[in-house]
Amino acid sequence: MGSIRQRTKVLDAVAMVMLEQGKVLTKHEYEKIGAVPIRAGLVMNFFGSWSRMVSIMENSLPKVWAEIKEKESPTPKPVPPKPPKPAPKAEGKPAVKPAVKEGVNGKDI
């Protein structure tokens, strides 16, 4: 564990990288970036574990943490309301056919 002043500098550097990336990075994601100001191993020397560093960042740098979380999940754009579907037109009742066929002059066939 390093001194408080050194830990604060390391925490600021890691927080700025996360802010540029727009999300809270895991240790593996941080290592994959490559060109970082502080190597992940040195961060581990100062804080003991990555999760401890993240929790200290959350408590020590609340404004930066809020910005990272805002970039991570931006407010969704309002969805425009869909136009209502027109109501189906009521169809008339079909004409009832007589059960018995009638002939031309009105007599049963």
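Guide: An axis here is a line fitted to C-alpha atoms, for a helix over the stretch in contact, and angles run from 0 to 180 degrees between N-to-C directions. The model is predicted: local features need pLDDT of at least 70, side-chain atom pairs count only at pLDDT 80 or more, and totals for chains, interfaces and linings use all residues. Residues are numbered from 1 along each chain as its sequence is written, and side-chain values use heavy atoms, with hydrogens and water left out.

Visitor: What pattern does the protein chain follow along the sequence?

Guide: Helices (H or I, at least four residues) and strands (E, at least two) are DSSP runs, numbered from the N terminus. The chain has five helices and zero strands. Read along the sequence, the pattern is therefore α-α-α-α-α.

Visitor: At what angle do α3 and α4 pack?

Guide: Two packed helices are described by the angle between their axes and the distance between the axes. For α3 and α4 the axes are 9 Å apart. The pair counts as roughly perpendicular, a class that covers 65 to 115 degrees, whereas under 35 is roughly parallel, over 145 roughly antiparallel and the rest oblique. The angle is about 75°.

Visitor: How many nonpolar residues are in the contact of α3 with α4?

Guide: Contact means heavy atoms within 4.5 Å, and by that rule Ala-40, Val-43, Met-44 and Phe-47 in α3 meet Trp-50, Arg-52, Met-53 and Ile-56 in α4. Ala, Val, Leu, Ile, Met, Phe, Trp, Tyr, Cys and Pro count as nonpolar, Asp, Glu, Lys and Arg as charged, and the others, Gly among them, as polar. The contact has no polar residues and one charged residue, and its nonpolar count is seven.

Visitor: Are α1 and α3 parallel or oblique to each other?

Guide: The axes of α1 (residues 4–21) and α3 (residues 40–47) come within 10 Å and cross at roughly 135°. That angle makes α1, relative to α3, oblique.

Visitor: What is the handedness of the crossing where α1 passes α3?

Guide: Gln-6, Arg-7, Val-10, Leu-11 and Val-14 in α1 meet Val-43, Phe-46 and Phe-47 in α3. By class, this contact has six nonpolar, one polar and one charged residues. A crossing is left-handed if the near helix is turned anticlockwise from the far one by less than a right angle, and right-handed if clockwise. The crossing of α1 over α3 is left-handed.

Visitor: How far apart are the axes of α4 and α5?

Guide: The two helices pack at an angle of about 110°, so they are roughly perpendicular. Val-54, Met-57, Glu-58, Asn-59 and Ser-60 of α4 make the contact with Pro-62, Trp-65 and Ile-68 of α5. The separation of the axes is 5 Å.

Visitor: Which residues form the aromatic pair?

Guide: Rings of Phe, Tyr and Trp (its six-membered ring) pair if their centres lie within 6.5 Å; planes under 30 degrees apart count as stacked, over 60 as edge-to-face and the rest as tilted. The structure holds one such pair. The pair is tilted, at 5.2 Å centre to centre and 50° between the planes, and its members are Tyr-30 and Trp-50.

Visitor: Is Trp-50 buried or exposed?

Guide: Trp-50 lies in α4 (residues 50–60), 20 residues from its partner Tyr-30 in α2 (residues 27–33). Buried means under 20% relative accessible area, exposed over 50% and partly exposed in between (1.4 Å probe, protein chains only). Tyr-30 has a relative accessible area of 0%. Trp-50, at 10%, is buried.

Visitor: What is the C-alpha to C-alpha distance between Thr-26 and Val-54?

Guide: Thr-26 is in the loop between α1 and α2 and is partly exposed at 42% relative accessibility. Thr-26 and Val-54 are 28 residues apart in sequence, and their C-alpha to C-alpha distance is 9.2 Å.
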